[in-house]
Amino acid sequence: MVRAAVPEFAGRVQERFGAYRHHVLATLRKDGAPRLTGLEADFRYGELWLGMMVGSRKVLDLRRDPRFALHANPGPGTDLSGGDVRVSGRAVEVTAPEVVARYAAVVKPPEPFHLFRAELTEAVRTYIQDSCVVLESWVPGRPLRTIRRTSDDAALQVE
């Protein structure tokens with residue numbers, strides 16, 4: 001959906017996630033508190049896929065409440081080459097044997113595993129350009145929004 005709406009932005013988001021294998025997933029515990037865990041996220045077949053170990057807490061969290069946020073691994077150092085990227089949305093568990101088998105044949109995850117397809121409700125990229133912090137934000141049904149700020153700005157500059 002992101003790729004169809006804003007292809008260049010979607011490409012930068014996917015490239016940033018592709019730079020490293022492991023990322024940080026946020027789910028909601030039963031009491032509503034956030035749970036942060038490591039996760040291998042995979043862009044395949046035009047969608048974002050989340051594979052998880054059987055019996056993991058994140059699987060239980062997503063079955064109870066499918067909302068999630070996923071933060072791209074920032075990597076070593078402090079330059080954040082490619083920007084800081086995060087997405088959020090709803091995780092839909094995939095149980096169709098043919099879909100799980102197709103994914104497993106290519107990715108070769110430890111089996112058995114749970115597979116979720118991400119339905120994104122937001123994608124955000126933050127980066128530095130000249131003396132500005134630039135925030136690009138996409139939500140379904142709206143154009144890409146860009147905000148530029150400096151430490152001296154009294155107000156946001158929204159494009």
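Visitor: What volume does the largest pocket have?

Guide: About 490 Å³. This is a predicted model, where local features need pLDDT of at least 70, side-chain atom pairs count only at pLDDT 80 or more, and totals for chains, interfaces and linings use all residues. Residues are numbered from 1 along each chain as its sequence is written, and side-chain values use heavy atoms, without hydrogens and water.

Visitor: What makes Glu 40 and Tyr 103 part of the lining of the largest pocket?

Guide: A pocket is an open set of points on a 1 Å grid where a 1.4 Å probe fits, with protein on both sides within 12 Å along at least five of seven lines; lining residues have an atom within 4 Å of a point. Glu 40 and Tyr 103 are among the 24 residues that line the largest pocket, and both are listed with those closest to its centre.

Visitor: Which strand gives the largest share of that lining?

Guide: Strand 2, with six residues. Strand 2 spans 34-44. A strand here is a DSSP run of E, at least two residues.

Visitor: How many residues of the lining of the largest pocket are nonpolar?

Guide: There are 13 nonpolar, beside six polar and five charged. Ala, Val, Leu, Ile, Met, Phe, Trp, Tyr, Cys and Pro count as nonpolar, Asp, Glu, Lys and Arg as charged, and the others as polar.

Visitor: What about the second largest pocket?

Guide: Its volume is about 310 Å³. Met 1 and Leu 120 are among the residues closest to its centre. Strand 6 gives the most to its lining, five residues.

Note on methods: Grid points are joined across faces, edges and corners, and a volume is the space filled by probe spheres set on the points. Helices (H or I, at least four residues) and strands (E, at least two) are DSSP runs, numbered from the N terminus.
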